[in-house]
Amino acid sequence: MKLPEWLVEDGVGETRALLMDGDIVLAAKCRWQGELDAGQQVSAKLTTKRGTRGTAVTAQGREVLVDKLPRDASEGSTLDLAITRAAMTERGRYKLPAARPAGLVSSGEDIFETARRVHRFPAGAWEDVWHAASSGEIAFSGGSLLFAVTPAMTLVDIDGDLDLRSLALAAVEPLANALRQFDLGGSIGIDFPTLQAKADRKAVDEALGETLADWPHERTAMNGFGLVQLVARLEGPSLLHRFATSRVGMATRMALRRAEMVEGAGVTLLTVHPALKATLKPEWLALVERRTGRTLRIETDPGLAIEAAAAQVVPHE
């Protein structure tokens, strides 16, 4: 019996990872190139210190927040640091990457370094996760999950036409799948239907416990209003967070992926919404051309949705 396997696809502007069990996506991750990622080790000069916390600047000019500083660390000294959380963009603010002295951080497996690299994922696998994160909605038999990203937490609303107990129980498995597929962390609030009977609330709590047994987290019991709060380790922006704060960036990278994936001889014609054209870096376009061996031509269509970039191979003119 073949075990689930992480696959990594090196895209243009981003690196993607999927945990596949046959043709089923169990989990997904995404890193944007140029970011400081959780687990990455850097050297940085300590610029400010307040007790055990401070800020440091890498040789490349990247500022990071540092905690757990030793008492003898002084401003101006150079420290070996491990990134514990990537930078986070939230509505109205930007949170710097977080780091700690490297000796205080255990180095776990980095699947982006150890997983098997593939030229492309199984057909439709990344697209399904991407579109679900883009819409912020997952349908299941009898109901749906609606996701909303806020600066404080990610909120999940459960809606449907089943009786309340059945709806709450039916939502547990798709919810657990979504947490992994969207790479969610931090504080997550789940608004289940209000269940009056303690026995019904206990049944949902037990179902959550079983389904999330292998997903590291802490969880409150469901209260009388149907609210459950999860807290999981936050290492960087989830797919939902990227769409909430950088939708054009996500759409640009998907457009380039589509340009890279089409096959045939001729010229690659990539049609995008005008908002995307300014974000297409020359080095990204050149990389697509090198990988495909075709000239890349960009056209814009203001009637096209931001997420609906289309790529095709057309004859040389």
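Visitor: How many salt bridges does the count come to?

Guide: This is a predicted model, in which local features need pLDDT of at least 70, side-chain atom pairs count only at pLDDT 80 or more, and totals for chains, interfaces and linings use all residues. Residues are numbered from 1 along each chain as its sequence is written, and side-chain values use heavy atoms, without hydrogens and water. A salt bridge requires a side-chain nitrogen of Lys or Arg within 4 Å of a carboxyl oxygen of Asp or Glu. By this rule, the count comes to 19.

Visitor: Which residue forms a salt bridge with Glu75?

Guide: Glu75 lies in the loop between strand E6 (63-66) and strand E7 (78-85), and its partner in strand E4 (residues 41-50), so the pair ties together parts 25 residues apart in sequence. Strands are DSSP runs of at least two residues and helices (H or I) of at least four, numbered from the N terminus. The closest N and O atoms are 3.7 Å apart, and the partner is Arg50.

Visitor: Which elements do the buried residues of H4 pack against?

Guide: Helix H4 spans residues 198-211, and its buried residues include Asp200, Arg201 and Leu208. With contact taken as heavy atoms within 4.5 Å, these buried residues pack against helix H3 (164-181), strand E16 (218-219) and strand E17 (227-232).

Methods:
The expected span of a helix is 1.5 Å times one less than its number of residues. Buried means under 20% relative accessible area, exposed over 50%, partly exposed in between (1.4 Å probe, protein chains only).
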